[in-house]
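I opened this entry to record what I looked up, item by item, with the cut-offs noted beside the terms.

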Amino acid sequence: MELKHPASTYASAAEGWLMLGLPQEALRELTQIPAALMTHPSILTLHWQAFADQKLWDAAYGVACELVALYPEKLEGWLNRAYASRRRPSGSLAQAYQALLPAAARFPEAPLVRFNLSCYAAQMERLDEAWGWFRDALTMGDPSAIRRMGLADEDLRALWPKISELME
């Protein structure tokens, strides 16, 4: 479902505000979109980004949950829900992991799901499991890109020696 004018104009303006680092302005633009279109996946994603940029994690989590419920085929909602689950005041790594785990079965070819599960497992000090998820991500995605991402992600610091060995 494509957004039509004027909703598309407000959505584009919101994107622009987000690129400029002004999430409150983005939210103001989004309030002008008709209520019937507020559950459009693009609009939900823009709301999520505006809330995340402001570190309003409970609001971001709520939007991500709605995105997953309405559009379970969209990977972004699952990733965003897990990300917000970790960061919301009542959240945790375990909640983020549990929020994302079903996406491993739903998106069997998505390396980002495995990469993020690896990050969560590593942070929970479940290093064998983290390494398994990381290896799965390597086989599904561009191995050199996944390695670079792994070596740049502080969540995977405990795995850096193993990841470095892969590059030799």
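I began with Glu 125, which is exposed at a relative accessible area of 70% (exposed means over 50%, buried under 20%, partly exposed in between, with a 1.4 Å probe and protein chains only). Glu 125 has a positive phi of about 65 degrees although it is not a glycine, and I found it in the loop between α7 and α8 (helices are DSSP runs of H or I with at least four residues, strands are runs of E with at least two, and both are numbered from the N terminus). I then turned to Lys 55, also not a glycine, whose phi is positive and near 60 degrees. Lys 55 sits in the loop between α3 (41–53) and α4 (57–70) and is exposed, with a relative accessible area of 60%.

**Basis of the entries.** The model is predicted, so that local features need pLDDT of at least 70 and side-chain atom pairs count only at pLDDT 80 or more, while totals for chains, interfaces and linings use all residues. Residues are numbered from 1 along each chain as its sequence is written, and side-chain values use heavy atoms, with hydrogens and water left out.

**Overall make-up.** I noted ten helices and zero strands in the protein. Along the principal axes, the C-alpha atoms fill a box of roughly 55 × 30 × 30 Å, and of the 168 residues, 43% are buried. Among contacts with a separation of 6 or more, 50% are between residues 24 or more positions apart (contact means heavy atoms within 4.5 Å). The accessible surface comes to about 8,900 Å², with 55% of that belonging to carbon and sulfur atoms (Shrake-Rupley method, 1.4 Å probe; for residues, only the protein chains shown count as cover).

**Cores.** In soluble globular proteins, nonpolar side chains tend to be buried together. Here the largest nonpolar core has 30 residues, and those with the most contacts inside it are Leu 100, Val 113, Phe 115, Leu 117, Phe 134, Leu 156 and Leu 159 (a core is a set of buried Ala, Val, Leu, Ile, Met, Phe, Trp, Tyr and Cys residues joined through side-chain atoms within 4.5 Å). I traced at least two residues of this core to each of α5, α6, α7 (111–123), α8 (127–140) and α10 (160–166), with the largest share, seven residues, coming from α7. Leu 117, leaving aside neighbours within four places in sequence, is in contact with Tyr 97, Leu 100, Leu 101, Ala 104 and Trp 133. A second, separate core has 23 residues, including Leu 30, Ala 50, Val 63 and Tyr 71.

**Helix α8.** I checked the span of α8: its 14 residues reach 20 Å from first C-alpha to last, close to the 20 Å expected at 1.5 Å a residue (the expected span is 1.5 Å times one less than the number of residues). The buried residues of α8 are Ala 130, Trp 131, Gly 132, Trp 133, Phe 134, Ala 137 and Leu 138, and they pack against α6, α7, α9 and α10.

**Salt bridges.** How many salt bridges does a search of the whole structure find? I counted five (a side-chain nitrogen of Lys or Arg within 4 Å of a carboxyl oxygen of Asp or Glu). One of them joins Asp 155 to Arg 86, with the closest N and O atoms 2.6 Å apart. This pair links distant parts of the chain, 69 residues apart, with Asp 155 in the loop between α9 (143–152) and α10 and Arg 86 in helix α5. Asp 155 counts as buried at 16% relative accessibility, and Arg 86 counts as buried at 19%.

I also looked up the salt bridge between the side chains of Glu 25 and Arg 28 (2.6 Å, N to O). These two are separated by about one helical turn because they are three residues apart in helix α2 (residues 23–30). Glu 25 is partly exposed at 27% relative accessible area, as is Arg 28 at 46%.

**Arg 88.** I located Arg 88 in the loop between α5 (75–87) and α6 (93–106), where it is buried at a relative accessible area of 18%. Its side chain makes a polar contact of 3.0 Å with that of Asp 58 (N or O atoms within 3.5 Å; within protein, one must be able to donate a hydrogen and the other to accept it, and residues adjacent in sequence count only if both atoms are side-chain atoms). Not counting residues up to four places away in sequence, Arg 88 touches Trp 57, Asp 58, Tyr 61 and Gln 95.

**Cis peptide.** Last, I noted a cis peptide bond between His 5 and Pro 6, with omega about 5 degrees; Pro 6 lies in the segment before α1 (7–19).
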